[in-house]
Amino acid sequence: MKCKRLNEVLELLGEHWRKEPDLHLLDLLYKIAEEVGEKDNLDALRDEVLIYQLKMRGKDKSEAIPGIKKDYEEDFKTALLKARGILKD
């Protein structure tokens, strides 16, 4: 795991851990594993999965994924015109 990812994981994990300070780190990780459908399987919590889950944890299921949200367009026609370079941001 690169430093940037490690820092991101630590920041996100700290944010969620502070909300449940009575949990031990492993308890929190097991809870997150259960949330992603991998109960008792910490191996499933690869860095990408952990980062995604921590970012999306507690958010509405229909909310745009962080990172994709910046490119999100409500209107499909506008998105196509921007992709073709006809419209500018």
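The chain has 89 residues and contains 4 helices and 0 strands. From the N terminus on, its elements follow the order α-α-α-α. Of the contacts with a separation of 6 or more, 29% join residues 24 or more positions apart. Buried residues account for 20% of the chain.

Confidence in the prediction was examined for the chain and for its elements. The mean pLDDT of the chain is 83, with 87% of the residues at 70 or more. Among the elements, the highest mean, 92, belongs to helix α2 (residues 25-35), and the lowest, 78, to helix α4 (residues 76-83). Where pLDDT is low, predicted coordinates should not be read in detail.

In soluble globular proteins, nonpolar side chains tend to be buried together. In this model, the largest nonpolar core comprises 11 residues, namely Val9, Leu12, Leu13, Leu28, Leu29, Ile32, Ala33, Leu45, Leu50, Ile51 and Leu54. At least two residues of this core come from each of α1 (3-19), α2 and α3. The greatest contribution is that of α2, which provides 4 residues. One of the core residues, Leu50, touches Val9, Leu29, Ile32 and Leu45 when its neighbours within four places in sequence are left aside.

Helix α3 spans residues 47-56. Its buried residues are Asp47, Leu50, Ile51, Gln53, Leu54 and Met56. Leu50, Ile51 and Leu54 are among the members of the largest nonpolar core. An α-helix has 3.6 residues a turn, so residues three or four places apart point the same way. The cover over the buried residues of α3 includes α1 and α2. After α3 comes Gly58, which has a positive phi, near 80°.

Gly58 also belongs to the lining of the largest pocket, together with Glu35, Tyr52, Gln53, Met56, Arg57, Lys59, Asp60 and Lys61. The space in this pocket amounts to about 190 Å³. Helix α3 supplies the largest share of the lining, 3 residues. By residue class, the lining consists of 5 charged, 2 polar and 2 nonpolar residues. Gln53 and Met56, both in this lining, are also among the buried residues of α3.

How values were computed: Residues are numbered from 1 along each chain as its sequence is written. Side-chain values use heavy atoms; hydrogens and water are left out. On a 1 Å grid over the protein atoms alone, a cavity is a set of points where a 1.4 Å probe fits but cannot get out, and a pocket is an open set with protein on both sides within 12 Å along at least five of seven lines; lining residues have an atom within 4 Å of a point. Grid points are joined across faces, edges and corners, and a volume is the space filled by probe spheres set on the points. Ala, Val, Leu, Ile, Met, Phe, Trp, Tyr, Cys and Pro count as nonpolar, Asp, Glu, Lys and Arg as charged, and the others, Gly among them, as polar. pLDDT is the predictor's confidence in each residue, from 0 to 100. A nonpolar core is a set of buried Ala, Val, Leu, Ile, Met, Phe, Trp, Tyr and Cys residues joined through side-chain atoms within 4.5 Å. Buried means under 20% relative accessible area, exposed over 50%, partly exposed in between (1.4 Å probe, protein chains only). Contact means heavy atoms within 4.5 Å.
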